[in-house]
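Here is a short briefing to read alongside the model. Please keep the 3D view open as you go through the points.

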Amino acid sequence: MRSPRRCSRNGCPRQAVATLTYVYNESTAVVGPLAAFAEPHTYDLCEPHARSLTAPRGWDVVRHEGEFEPPPPTTDDLVALAEAVREAARPVAPRPPEDDQTANSTPQTGRRGHLRVIPPNH
C-alpha cells in the first residue's frame with residue numbers, strides 16, 4: 001500500500017493536498033488540487049504551504065480558490081491492502097521429504113548481491 005504523499009517543502013511532515021507547477025514561458029506559478037500522480041517538475045504541498053506560496057518578483061501566482069482536500073484512498077490502495085492480507089493468510093506449503101543423498105550432503109549457502117541464504121538447521 002502506498003503511503004500518502006507528503007509536502008515537498010524541506011522538513012514538512014504534513015500530507016500534501018495541492019500541486020505546484022511552474023509555467024516558465026509565462027512566468028507563472030500554478031497551485032491547484034493535488035494531481036492524481038506525482039510528476040517530475042511539480043511539487044506537492046500541504047495546505048499551509050499552498051496558501052502561503054509567493055513567487056519571485058515579476059511572476060504571477062494562480063491559486064485554486066476552493067478548499068484543498070486530502071485525496072480519498074484509491075482503489076489501487078485498497079486492492080494492494082486486500083492482496084497483502086490474502087498473502088499473509090495463505091498457508092505455507094509443506095516441504096517435500098528429503099531423500100538420503102540430500103540429507104547426507106553438506107548444506108549449501110546461496111549468495112545474491114548483498115544477501116546470503118543460510119539453510120535452517122535440521
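Accessible areas here come from the Shrake-Rupley method with a 1.4 Å probe, and for residues only the protein chains shown count as cover. On that basis the protein has an accessible surface of about 10100 Å², with 55% of it belonging to carbon and sulfur atoms. This is a predicted model, in which local features need pLDDT of at least 70 and side-chain atom pairs count only at pLDDT 80 or more, while totals for chains, interfaces and linings use all residues. Residues are numbered from 1 along each chain as its sequence is written, and side-chain values use heavy atoms, with hydrogens and water left out.

**Overall make-up**

- The protein contains 3 helices and 6 strands; these are DSSP runs numbered from the N terminus, with helices being H or I of at least four residues and strands E of at least two.
- Read from the N terminus, the order of elements is β-β-β-α-β-α-α-β-β.
- Of the 122 residues, 16% count as buried, where buried means under 20% relative accessible area, exposed over 50% and partly exposed in between (1.4 Å probe, protein chains only).
- Contact means heavy atoms within 4.5 Å; among contacts between residues at least 6 apart in sequence, 55% join residues at least 24 apart.

- An open sheet is formed by 4 strands in the order 3-1-2-4, with mixed pairing; two strands pair if DSSP finds at least two bridges between them.
- Strand 3 and strand 4 (60–63) are the edge strands, each pairing on one side only.
- On average, neighbouring strands of this sheet are turned by 20° against each other, direction ignored; the axes are lines fitted to C-alpha atoms, for helices over the stretch in contact, and angles run from 0 to 180 degrees between N-to-C directions.
- Strand 1 (residues 18–23) runs antiparallel to strand 3, joined by 4 bridges, and antiparallel to strand 2 too, joined by 6 bridges.
- Ala18 has Leu45 as its bridge partner in strand 3 and stands opposite Pro33 in strand 2.
- The hairpin of strand 1 and strand 2 has 4 residues between the strands, and Ser27 there takes a positive phi near 50°.
- Strand 2 and strand 4 pair in the parallel sense over 4 bridges, and Thr28 has Asp60 as its bridge partner in strand 4.

**The nonpolar core**

- A nonpolar core is a set of buried Ala, Val, Leu, Ile, Met, Phe, Trp, Tyr and Cys residues joined through side-chain atoms within 4.5 Å.
- The largest has 12 residues, among them Cys7, Cys12, Ala18, Leu45, Cys46 and Phe68.
- Strand 1 and strand 2 (28–33) each supply at least two residues of this core.

- Asp44 lies in strand 3 (residues 42–45) and counts as buried because its relative accessibility is 8%.
- The side chains of Asp44 and Arg5 make a polar contact of 2.8 Å; such a contact is a pair of N or O atoms within 3.5 Å, where within protein one must be able to donate a hydrogen and the other to accept it, and residues adjacent in sequence count only if both atoms are side-chain atoms.
- Cys46 sits in the loop between strand 3 and helix 1 (47–52), and it counts as buried because its relative accessibility is 1%.
- Beyond residues up to four places away in sequence, Cys46 touches Cys7, Cys12, Arg14, Gln15, Ala16 and Val17.
- Cys46 and Pro13 are 33 residues apart in sequence and 8.9 Å apart in space, C-alpha to C-alpha.
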